[in-house]
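Open your viewer and follow the stops below in order. Each stop says what to select and what is there.

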Protein chains: 2
Amino acid sequence: MKQNILYAQSGGVTPVINATACGVIETARENRAKIGKVYAAKDGIIGALREELIDTSKERKADIAGLKHTPGGAFGSCRFKLKSLEESAREYERLVEVLKAHNIGYFFYNGGGDSADTAYKVSQISDKLGYPVQCIGVPKTIDNDLPITDCCPGFGSVAKYVAVSIMEASLDVASMASSSTKVFVLEVMGRHAGWIAAAGGLACREKGDPPHVILFPEIPFKQREFLKKVKEAVETHGYCSIVVSEGVRDARGKFLADQGTKDAFGHAQLGGVAPVVAGLVKAKLGYKYHWAVSDYLQRSARHVASETDVDHAYSVGKAAVELALAGKNGVMPVIKRLSDDPYKWTVDEAPLSRVANREKMMPRRYITKDGFGITPSARRYLEPLIRGEAYPPYGKDGLPQYVQLKKVLVDKKLPAFKV
Amino acid sequence: MKQNILYAQSGGVTPVINATACGVIETARENRAKIGKVYAAKDGIIGALREELIDTSKERKADIAGLKHTPGGAFGSCRFKLKSLEESAREYERLVEVLKAHNIGYFFYNGGGDSADTAYKVSQISDKLGYPVQCIGVPKTIDNDLPITDCCPGFGSVAKYVAVSIMEASLDVASMASSSTKVFVLEVMGRHAGWIAAAGGLACREKGDPPHVILFPEIPFKQREFLKKVKEAVETHGYCSIVVSEGVRDARGKFLADQGTKDAFGHAQLGGVAPVVAGLVKAKLGYKYHWAVSDYLQRSARHVASETDVDHAYSVGKAAVELALAGKNGVMPVIKRLSDDPYKWTVDEAPLSRVANREKMMPRRYITKDGFGITPSARRYLEPLIRGEAYPPYGKDGLPQYVQLKKVLVDKKLPAFKV
C-alpha cells in the first residue's frame, strides 16, 4: 500500500523554505504511483504532535508552484526542541502514533541541526515502537551552520539581501558625507557565527569599497582598534560603512547589544547592537551617524532572493522524495560543491547521525588578519551563493503575488494531546 | 552663443534622483545645437559655491544611462540652506559669479521645498546682478511633501520598499506566531508627514491583512488605544504587524523616539522609535516582539524601485531641459495626475513662487477614523505610485551594477570661496 509523507517546517523561517516545500510536493505528485499524499504539519512539530495535519492535495497546482517564490513558512513553523529519547519519550511516542494513524511512511523534517537530531531519533525508535518510518532531514537555516552540506538553503538569499543593502545604503551615505552623516551601521543576524555579516563583505569588490568595517561574532570587540579603523575610513574615503553582527561580544564574552540599557519605561531594552556601536562612534569620534536594524526583513526578503539559493532549496526538497523512494532512512540531502568558478554543485546525501548537533563555524581564514573584513577565500566561497535573481511575480498593484494556502486539515483520529 | 547647464542635487538623496540627472543629461545631449555642456555641482550647492563643477561630458554614454538605475546621489548632495537674499547675500552673489564665469545660462536645482526657494531667489536676483539665468527647480523628496505636484519623485520607490518589506516580514511573523514572536514593528521615515508610513498600508489588501496598526505622525500617540488594537490583532490573527513613523509624538507633542534613553556609555541614545514601541508592547501585554529600523535602506533600495517612480524621476529631468529651451525661468516641472485607474499622468509646470516653502501634509481623510490605518482614498492615491518593477542589471557576482562616475572637475576661474 502507498504511504503518505509528513513534511514539517522547523525553527526560524527563510525566504526560500517554501521552495523546499514546493520541491517536496511537486516531486511527490510526480510519483503518485508510489507515494500517497503529502501532509504538512501545521506550525511545525507542534502540529504533528497535536495531529494538526494539512492535506496539501487540497491545494491548487498553481499555489503549490507559487510556494517557490513565497517567503515565510507557508505551513507554519515553531521553535520546539525534542530532548533525548528518555526525556521526551512521551512526544516521540505520540509522534509515531500520529504517523501510524495516518499511514505516514516518510517523515521529512525541514530545519537546522536540532531538527536533524529529532529526525535521527525518530528514525531510531519508530522501528522499536512497531511502526518503521523513513526519516529524512531536509536542510534549512539562514545561519549556514549545518555540517557536511556546503551551504544551507536560506543563507544565500539573506547573504544577497545584506550585500545589496549595504552597497545601496553606502551609496546614499557617500553622497552626503562631506556635510552630513559620516558613519552608517547596519546590524545583521548571526548570533553564533559570522556567515551573514561576512556576506556584507561581498559588496566590497575593490579596495576602499564599502563596507569598511565588519564586526564578527568570532572576533572579540576591541574598542580602540575599531575606532581607529572607523577614523581611517572617514579620513580616507569621507565616510565609513559598517556591518555588525548581532552576536558581537566584548573581550569578556558579553554581548555588545546587552549593555543594560533601560528604556523610558524602566525596562531593559533588548537587542540592537547597531545603536550601541553608532553611539560609541558619536561619543568617541564625534561623527554624525545613522543606523539600521534589518531584523526579519533580511530573513523574509524574497523580492531579492538568490537564484542559486532558490535552486538549492527546491533541489533538497526534491531529493528528499527521491531518497525516500530509494528506501533511505536517517539521511539528509546536502549541497555538494563541485567547483567554485564556474560554480557547479550537486545534491549528495549525509547520515543524520553526522549532521545532528554539530555546528559549522566560519573558518578563521575567511576573516582578514585585522578582523574587520573578509578574505579572497571567503569571497570565493560566498559569491556563487548570491548569484542570480529569482524575482517573484508582481501584481498590477505593484506588490509581489505571494500565495496563501487553504490549509485544509485532515480529520483527527487520535485523542487530543497536550504539547 | 550656447550656454551651459548647472545641475545640482540637494538634500537627502533618493533611489531615483540619479534617474532625474540621467533625464537632464540625456535630453541636453540630444539638444547639442542649442545647449552647451551640463555641469553638475559636486556635493550640491556647496560645490557650486566652491566652483567645484563636474563636467558630465567626460562621462561615458553608458554610465550616464546607468544613472537611471543607480541609487544615492551620483554627484553628491548636501543639506545647506541659503537664507534670505539679505542674510545670504554673499552666497547668492557668489553663485551668480560662478554661473557667469562658466557661461551657465540654466541653473537646475534638484531638491525639495528649500531648494525650490533657493532657485526662486536666484531667478530673482541674477538679473539685478547683471547676469540673467533661467532657474528651474526639479522636484525630489521621499517625504512627498511638495505642493502642486501630485507626488514627488523618490517617494514611490520608498513606498514600494516599505509595502513589500512589511508584507514579507509579516509572512515571517505569521509563520511562527503560535509559539514565538507575536508582534513585529517596522520603523520608517517621515518626521513631519505620514506618507511613507501610509504606504505600508498598501500591503493590507483585505481585512485582517498586515499591517494591523500604522502609527502616523499626524495622530498623537494614545497608549491605551494602541495597546487595545495590538491585543485585538494578536487575539484575532495570532500576531500583530506594526508600521511606525519615526515622527510619532505623544499627546504633548514629544517624539516617542526621544525617551531620554541613555546607552551604556551614559550618552543619550538617539533615534529608534521601533524599540520604544516594541518595549511598551512587551511591558504591558507581555508579547514576544521583534523590531526593524530600515533607515537609509528604504531610501536607497533601488533594487525594488517603482517603475512609475523611475519614469516620473526621468521625466522631470527631461522636462527641466525642455522648459529651459522654451525660455522659462522660476518654474518647476510637476507631475500631474490625469486619472487613477487606469493611472495616467503628464508633466506640467508650476511657478517656483508657489512651490517654495510650502509643505503638503497628508489629508486626514487618508487615515481611518481610528487613526491606525489608511482609507480607500489613500489607497487610490498611493497604489499607482508603486506600480511596476524597474530592476537594475546584475553582474555575474550577483550584485547590482551601479555606476561610478569619473567626476572630472572643470578648471577653476575664480578665487577660492569659504562656505
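At what angle do helix α1 and helix α11 of chain B pack? Select residues 17–30 and 307–325 of chain B: the angle is about 35°, and the axes are 7 Å apart. Axes are lines fitted to C-alpha atoms over the stretch in contact, with angles from 0 to 180 degrees between N-to-C directions. Helices (H or I, at least four residues) and strands (E, at least two) are DSSP runs, numbered from the N terminus.

This is a predicted model: local features need pLDDT of at least 70, side-chain atom pairs count only at pLDDT 80 or more, and totals for chains, interfaces and linings use all residues. Residues are numbered from 1 along each chain as its sequence is written, while chains are lettered from A and ligands numbered from 1 in the order in which they are written.

Now show both chains. Here 70 residues of chain B are in contact (C-beta atoms, placed from the backbone, within 7 Å) with 71 residues of chain A. On the chain B side, α6(B) gives the largest share, 13 residues.

Next, select A:P211. The peptide bond to it from A:P210 is cis, with omega near -5°. A:P211 sits in the loop between α7 (195–200) and β7 (213–215) of chain A.

Then jump to B:P342, in the loop between β10 (331–339) and β11 (344–351) of chain B. The bond from B:D341 to B:P342 is also cis, with omega near 5°.

Last, select A:N144. This residue is not a glycine, yet its phi is positive, about 60°. Look for A:N144 in the loop between β5 (134–139) and α6 (155–176) of chain A.

Note on methods
Contact = placed C-beta atoms within 7 Å.
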